[in-house]
There are 2 protein chains.
Amino acid sequence: MGSIDWKVNATDGNARAGTLTTRRSVIETPVFMPVGTQGSVKGIRFEWLEDEIDARIILANTYHLFLRPGIEAICKFGGLHKFSSWDRSLLTDSGGFQVFSLADLRKLNEDGVEFHSHLDGSTQFLSPEISMEIQAALGAEIVMAFDECPPGDAGYEATKESLELTARWAARSKARFDELSEPGAVATGFPNAKNPVATAHGSDKQALFGIIQGAGHVDLRKESLERTVEIGFDGYAIGGLSVGEEKTVMYEVLEHIAPQMPSDKPRYLMGVGTPEDLVEAVGHGVDMFDCVIPTRNGRTGSAFTSRGKLNIRNAKFALDDGPLDPDCGCSVCRRYSLGYLRHLYQAGEMNAAIMVSHHNVAFFMQTMRTTREAIVDGRFQPFKAAFLAKLRENEAGGV
Amino acid sequence: MGSIDWKVNATDGNARAGTLTTRRSVIETPVFMPVGTQGSVKGIRFEWLEDEIDARIILANTYHLFLRPGIEAICKFGGLHKFSSWDRSLLTDSGGFQVFSLADLRKLNEDGVEFHSHLDGSTQFLSPEISMEIQAALGAEIVMAFDECPPGDAGYEATKESLELTARWAARSKARFDELSEPGAVATGFPNAKNPVATAHGSDKQALFGIIQGAGHVDLRKESLERTVEIGFDGYAIGGLSVGEEKTVMYEVLEHIAPQMPSDKPRYLMGVGTPEDLVEAVGHGVDMFDCVIPTRNGRTGSAFTSRGKLNIRNAKFALDDGPLDPDCGCSVCRRYSLGYLRHLYQAGEMNAAIMVSHHNVAFFMQTMRTTREAIVDGRFQPFKAAFLAKLRENEAGGV
């Protein structure tokens, strides 16, 4: 096999059930990838992710790890797997999204982007080549091309210019990635490394995914798709959605773009989204997702359930001895009551954040598993209708 | 059996290895009881405490639970076990210590103590009778007499007056406890309950421990011991140590008081302490301990290890791929490196607090287990000498 192996096991309309095999794990899709920004999923120990939640792949953020602890440090441990002790698959993003959303941008030109670290103000530089070298050093199974992320409200011309830059950066990403995939290749161009950064896994190749941009402009999305496919990647991602645009815009882009993405490669919708979003996107043929909301919302006591969202801070739960979600089989729902979780949250106990985050991630994973089953059984449409209807049950009383 | 069963399995000098059996668990002593102030051990899910750390008894704080969520709420769930889902033994304190250390004291007289809640300033009242009723409602296996806790620097006369009040309160605690232990007894005097608070376990009796006070004055401690034993309790505790006095004072009190405590009852040293303190106190015949430091220190990255304390924030650990404690078999030490834990702490990830707290509690529990083995084998003194010597190894470079 190459860097990854991809098989579509079943389709139902545009929806697909697939199997993505990396050198470290077998991943059934559609799949939700929990986000481990700093090489750790916030509030959820790896033991839970492995033994109960059974996440086969998680995401880590190049930008954050690049700034702290730094790539040299992670290289000393032998890459991100060894550093973190996560032995299953990893996907790293390119750093682009965070540079454009978190950092103080200094200079953006053809070569790359100079920025000030949001941590200490230090001047840093990322380019397609450097991103590839960092990601080679981190050693994830799947790495992402370095793209420019235009603001969500970018106009047509600005978006067009941006996606052209992204296309040129995609080609450069691919070229450097291919060089680094050669046996014995060394990332000599990595400017912050005291020593050249050797690729973490030698000839044991990583997979590289290209990213389709184009904001809410469907024709630009199509152009971006064509140009990205022309370069040729191991998988394709849709970037720059769920960045503040109307939900109808996101769904329109998904409807027109996702089914057009190469069917023989995995399709990944970056940074999305709610359970509704996931199931909608699966209906358009998306296979992979990541999003911070299960853990971010979990930390504020906001739970995703099969009946919609609820917030455990709500006083009405004070005496409720039922679980967050009676239909959820996770270890939190099997054991802890709303009343107890609410008490922990009100008392400022971190166990509240820990347990609501746990449930949320488990619920997202479980949602993707039941979605897969529906696709395999050829009943995706009725499943989706019932799933979305049930989600609305709590809406009146929720959040 | 009565409320609890106590057997001394072996002695070595004054040190004892015992077995404390409650209606919910068999507890081998010496034992460290993790503190679950709010009905939850900070940062450590019950699953870990049960499956790996194997805590058979944890402590919960009456004062905190009384103020929030309130006893009525916990009664609605059927007591603290059902509310929290902790099915093993619980010990609740009387609320006295927190009233005197956290609350804004309003009025202290023979009857009890009026105070302002540290949460919302509301006026509250606790007395021996009310504390007994609250603790009956919470339903712990072991409950504590309501005592006055004089300041750590209290002079001789003030301490004497205080311990006399504590003795009268101990007698009242016992009287009310006995009434509440009758089948069908109802706590009618509980002033904040809309309805009388029924005892959570009917005739399934709780155990009541008396508390010896007397600050650093050994003769007053002896007097307090005598007066407490005269009343007669299921176990005896030493309170008011480790509250700011010199360590030599604590050790002097332990040396003179602990061996004089009734040998046919468990002996409990409240709120103490470091691993050194625990092993020293065991040497004087103490059986039970609780303390917040494993979790409190864990939250700031401070780890207790067999070689002494270390703080994972220390830059020297940045590239260290070894565990917190190479001699510890806990799930954190078996898997995660100092460098990774330091990274998580520096990045503000709660998993750092979670995992250092976990290790610390596991280390305290393990220390008590190895201490017990040494007592059973008749090698407590050499064990203690070696344990204390090893603890000093890190002192130069630690914290």
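## Aromatic pairs

Over all chains, the structure holds 23 aromatic pairs. Rings of Phe, Tyr and Trp (its six-membered ring) pair if their centres lie within 6.5 Å; planes under 30 degrees apart count as stacked, over 60 as edge-to-face and the rest as tilted. This is a predicted model: local features need pLDDT of at least 70, side-chain atom pairs count only at pLDDT 80 or more, and totals for chains, interfaces and linings use all residues. Residues are numbered from 1 along each chain as its sequence is written, chains are lettered from A and ligands numbered from 1 in the order in which they are written, and side-chain values use heavy atoms, without hydrogens and water.

B:F304 and B:F364 make an edge-to-face pair, 5.2 Å centre to centre with 80° between the planes. The pair links distant parts of the chain, 60 residues apart: B:F304 lies in strand β17 and B:F364 in helix α14 of chain B. Helices (H or I, at least four residues) and strands (E, at least two) are DSSP runs, numbered from the N terminus. Both B:F304 and B:F364 are buried (under 20% relative accessible area, 1.4 Å probe, protein chains only).

## A ring cluster

Ring pairs join A:F46, A:F77, A:F83, A:W86, B:Y336 and B:Y340 into a cluster.

## Charges over rings

The charged end of A:R45 sits over the ring of B:W48, 4.0 Å from its centre. The charged end of B:R45 sits over the ring of A:W48, 4.0 Å from its centre. "Over" needs NZ of Lys or CZ of Arg within 6 Å of the ring centre and within 35 degrees of the ring normal.

Terms used: Buried means under 20% relative accessible area, exposed over 50%, partly exposed in between (1.4 Å probe, protein chains only).
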